[in-house]
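Open the model in your viewer and keep the selection tool ready.

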Protein chains: 4
Amino acid sequence: MVKVAIVGARGYTGKELLKILLAHPRADVTCLTARMEGSSKKIAEIFPSLLGQTDLECRDFDVQEVAQKSDMVFLALPHRTSLRFVPELLEMGKRVIDLSADFRFDNIDTYERWYGPEHTPQSESLLREAVYGLPELYKERIKDARLVANPGCYPTGVILGLAPILEEGLASDQNIIVDSKSGISGAGRAPEPQTHYPECNENIKAYNIVSHRHMPEMAQELAKLAQGPIKVSFVPHLVPMNRGILNTMYLSLPKGVNQAEILKLYRDFYRDEPFVRVLEGDLLPETKNVAGSNYCDVAIRVDGEAGMAIVVSALDNLVKGASGQAVQNMNIMCGFDETAGLNFFGI
Amino acid sequence: MVKVAIVGARGYTGKELLKILLAHPRADVTCLTARMEGSSKKIAEIFPSLLGQTDLECRDFDVQEVAQKSDMVFLALPHRTSLRFVPELLEMGKRVIDLSADFRFDNIDTYERWYGPEHTPQSESLLREAVYGLPELYKERIKDARLVANPGCYPTGVILGLAPILEEGLASDQNIIVDSKSGISGAGRAPEPQTHYPECNENIKAYNIVSHRHMPEMAQELAKLAQGPIKVSFVPHLVPMNRGILNTMYLSLPKGVNQAEILKLYRDFYRDEPFVRVLEGDLLPETKNVAGSNYCDVAIRVDGEAGMAIVVSALDNLVKGASGQAVQNMNIMCGFDETAGLNFFGI
Amino acid sequence: MVKVAIVGARGYTGKELLKILLAHPRADVTCLTARMEGSSKKIAEIFPSLLGQTDLECRDFDVQEVAQKSDMVFLALPHRTSLRFVPELLEMGKRVIDLSADFRFDNIDTYERWYGPEHTPQSESLLREAVYGLPELYKERIKDARLVANPGCYPTGVILGLAPILEEGLASDQNIIVDSKSGISGAGRAPEPQTHYPECNENIKAYNIVSHRHMPEMAQELAKLAQGPIKVSFVPHLVPMNRGILNTMYLSLPKGVNQAEILKLYRDFYRDEPFVRVLEGDLLPETKNVAGSNYCDVAIRVDGEAGMAIVVSALDNLVKGASGQAVQNMNIMCGFDETAGLNFFGI
Amino acid sequence: MVKVAIVGARGYTGKELLKILLAHPRADVTCLTARMEGSSKKIAEIFPSLLGQTDLECRDFDVQEVAQKSDMVFLALPHRTSLRFVPELLEMGKRVIDLSADFRFDNIDTYERWYGPEHTPQSESLLREAVYGLPELYKERIKDARLVANPGCYPTGVILGLAPILEEGLASDQNIIVDSKSGISGAGRAPEPQTHYPECNENIKAYNIVSHRHMPEMAQELAKLAQGPIKVSFVPHLVPMNRGILNTMYLSLPKGVNQAEILKLYRDFYRDEPFVRVLEGDLLPETKNVAGSNYCDVAIRVDGEAGMAIVVSALDNLVKGASGQAVQNMNIMCGFDETAGLNFFGI
């Protein structure tokens, strides 16, 4: 049993982590923190769906207390906040899975351009050590990592959707179009005008056109796969549903490449991956088929006439796009079965 | 043409007023105000659905400016705010339709118990003069009113649903159960945790059980109809949709009263009312049939075995439940056709 | 391990049974049937959310095959269909949990009035033997039952919401009002005009006012609890969401009974029941807190002024209202922990 | 006043036509038909939202009766059905606005490839005469047309979104990516498994990837604008909402073209068009801002780094995407103000 702490337990990703870890056969949740302003409260009073499942209390964050009670720390904090605590936690011998963007970038300049000049010398020195926590690409490095940077929800589905084709060298040096559609829980738990029910119900809109912070994250990972620069034109959209992301991706293909070859490429690439399902035949990903599960579903269609591959991927933004993937990383780090505690099918 | 001002134009009821009045054949919107903190802005920039329809600007409220530019003032302000401005507007010879609760109660004690000790001597003296703006009950008094207190969204549908049966003396001195279901726009335009999309989507809940402020408003009007005290057990619910209220009402019937008699009662009562539709045969009210319109649909079922009448009513909380009814009141006050500018069918 | 068959695996309750049983530590799903018109198909091709979780095939129903492969048979068939197969299955020594209404009534006349004259002499003779599968009331009888009649979705929440107060004798010989609100999955998986997306989205409506077939089922069980006749005025409503039922119930209370006493009554009644949560303080049931779980949440409010108790209950119609409860019954019948395989929290 | 008939009045586009035309200052609806199997019924009994607005009856289609009662005929029939009746209606001197695809194609081969070999010699001979009813492109020809082929819902928004840039010659001979998101009413009023509420609520999916029948329709019109072949990679998606289409379009730009130039191009192109709004500044189209109106909102973003223009357009599929546009065509054909009866703002 590994003793785990969840820092930032009041948000949607914190709650999802808790739900998964409470039922996990090898994890023991020992510590929950959130901004409680000096008080403490049973987490089941904050999230009544948990009544009868746990008596755990949520308290203000105290790095000493967290370190004392746990061996594995999940940080579900806002961007720019995690980096303050990670160096100390690692120093005290804890392993950290950070769900923020603070350690996702290899390059400090990219981070600073998109998130601001927040890193300290200590935290910056960890950028190189941190492992990008996409198990399907970095499993070996995750095993021994002290610090895992859990990927963003959009990048997870986009990278998994494009990896086989990029790694095969079929798309280097080109522009890839990523049109993504996300449910509203991706915007977090704080009420804002754009997440006010009557404003987003019965509505779909694009936002942050080619200016979303997940774009450089995708570009970094896709470039590594392609072993060359990749330009991503990323347009996210908000869809009136709670959970799920559907990514529709468009990229040029070399002449003569056909559907069957591409499908075989994907099948082979994900043969041993328990959480990526390559759909066959007429099947296409739908967010309802992955909602509540740790799966990412992927399908490919070759548009021969246009010389283009269209890839569709779907995942649950709070599970494979955040908390489920974080637990998958924990399983790998701890030598557990990769699917331990994640073998649920969703809604 | 009557010159009208909308005070509180940034909320949902203010916007709905504006949409109706811009298309109204006898009204000229001359003035829009809201809390603008010193600036002014085109209303179509605040509500882009209005682009191309109006160049009107929204400014901070100034009672002199409003009085100078308009003859009829719609106040779409929070409760406890309207009462501050009404005396002065009336003094300057304006007619006022107030969409807040500030002048709905005959009895200052009831108001103070539910809304607080806010009235000044001047505003309190107007309580008696103000006419409760439910045209189906008070048309004659509305004609000459200087001050109309526009009813609440829940009370409108409940009173219209029960009026014929109470006026007939079939339900005096008894307890009536009102189980109401409202879309989320009824909670207003300010984002709150309970109106955050992921919290209210895929969810239904009761709230303010027998403690909602619309309960005493219903009770006041129902008692007048019944010419005796009426106890209302009112339970509102929040339903995941934008617009609409459905009220399901339960009350005991004297022995031997049957469906046909009650139906005839309703038909007669609403014979000349253009906005109340008494449904016949198998038809039952559905909010989608009234959404976007000024109709209130009503149906009755007599449960002979239980000696009970079940009445169902439906309306659009922003139209017949607020802004449409306010314009209906304006039409009556100005001697226009009661349906002028309201002859649309909704979505 | 118990070998289980699911007959009617293509409907929503069949799918939910399968999801729960695939993850159940003591059950082995050995047989799936549905109307396949001579063919067979992997269930994961019918429900792609199950891809990667099971290779089970779905075939046409054959009573011999089902009996041979399984010891426990779940019938998720339309009403009036189950009764044809139950006698033979029991004769072959199988235990049966029937999710239809066919064996829920003690009295053949009530069944025939609401469902039609379908019973054969053999099936009718089993009406007396069948146990109404509400574990919180009939746990002892369920243990040894050969045939369990799994309750309807509405009756489950209504009976659990009212049982403590009725059993205490506080409401005999009276009329109880039950105003229920259900998500659309309760209408089943067959497309119909009233479940067509644009017809039920952005809409709420009442249907089958005091004529729904779950009304006599509630009345039967409530009368047993009250040890006297109970009249239920039941009005169900359709709400635009997938899952969940919220019941708001109104009944008169004897004078002087207060909130604290009633709350204590409920707490005591459900002290040892793992799946009924009596909410305390300000908490009220919301369907989102039980969706995807086997919980039924209950809260009580006493309206002293009206001499009335208002009880609110919430459950997931496909879990505690159908398939989860069926597995709970299986656990009891097999001597497993009552919560085995049901210890999930939902969405 | 023009006397109009609506053939196919029971579908969503038929109903929307009726709502618009009943309030139209220059139109008189004289005839409604649908498949009634020999009976007739008041349309307000079919669509209760129309109660109190019209006593019109809906009958079986009879071409003689339609011709006798009306001068302008709207055909809201399934594809492959309209073509049977158009020749005879024209022969009798009627003018026809056909909402199906039957007369949208210049080239019979394209029609037959996508819709089948349905045309008769008489109907085929009308393909050349029929005018593609997109007023922003073909206003002059529409004025005198006997037969207008009303555009598809997806093509309307896509063509309006791309026309200025293609006409300017900035995108000839290239591949354009069109990623569209539609509400469910676009699938029509007949219940199907894929429009069953629980199947499409809380879900988004792509369908008919590069095989949707609106793709050749877009390609035909875009090629005319570009004066050269255009390849469209069209991927439609189903979004859980009733109304609205959002199109996100991606195309390469010649080097050095910037946002300001493109914006000016659009502004100039649509300067005199009352129903296309080119959004400025930070504004982006949202379906809620056009729902219930005849507007198409368009915005452009130049992605300089990728050398790409991203165009977003939004419209209501039942209004500007079907029935509103049909009435706009009627206005032009009859010499009315183009906006007559269409000057509403939606929800």
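Two residues are in contact if their C-beta atoms, placed from the backbone, lie within 7 Å. Helices (H or I, at least four residues) and strands (E, at least two) are DSSP runs, numbered from the N terminus. This is a predicted model: local features need pLDDT of at least 70, side-chain atom pairs count only at pLDDT 80 or more, and totals for chains, interfaces and linings use all residues. Residues are numbered from 1 along each chain as its sequence is written, with chains lettered from A and ligands numbered from 1 in the order in which they are written.

**Stop 1: two helices in chain C**

Select helix H8 (residues 153-167) and helix H13 (residues 319-334) of chain C. Their axes come within 8 Å and cross at roughly 95°. Axes here are lines fitted to C-alpha atoms, for helices over the stretch in contact, and angles run from 0 to 180 degrees between N-to-C directions. H8(C) and H13(C) are therefore roughly perpendicular (65 to 115 degrees) to each other.

Now show side chains. From H8(C), C:Cys153, C:Thr156 and C:Gly157 meet C:Lys320, C:Gly321, C:Ala322 and C:Gln325 of H13(C). The contact residues divide into two nonpolar, four polar and one charged. Ala, Val, Leu, Ile, Met, Phe, Trp, Tyr, Cys and Pro count as nonpolar, Asp, Glu, Lys and Arg as charged, and the others, Gly among them, as polar.

**Stop 2: the sheet**

Stay in chain C. An open sheet of eight strands runs S3-S4-S2-S1-S5-S6-S8-S7, with mixed pairing. Strands pair if DSSP finds at least two bridges between them. Strand S3 (41-42) and strand S7 (131-132) of chain C are the edges, each pairing on one side only.

Zoom in on S7(C). Its pairing with strand S8 (residues 147-149) of chain C is parallel, over two bridges. C:Val131 stands opposite C:Val148 in S8(C).

**Stop 3**

Which classes of residue does chain C bring to chain A? First, 17 residues of chain C are in contact with 17 residues of chain A. The chain C side has eight nonpolar, six polar and three charged residues.

Next, select chains A and D. Their contact takes 36 residues from each of chain D and chain A. Elements giving two or more residues to the chain D side include strand S9 (175-182) and helix H12 (287-290) of chain D.

Terms used:
Parallel < 35°, antiparallel > 145°, perpendicular 65-115°, else oblique.
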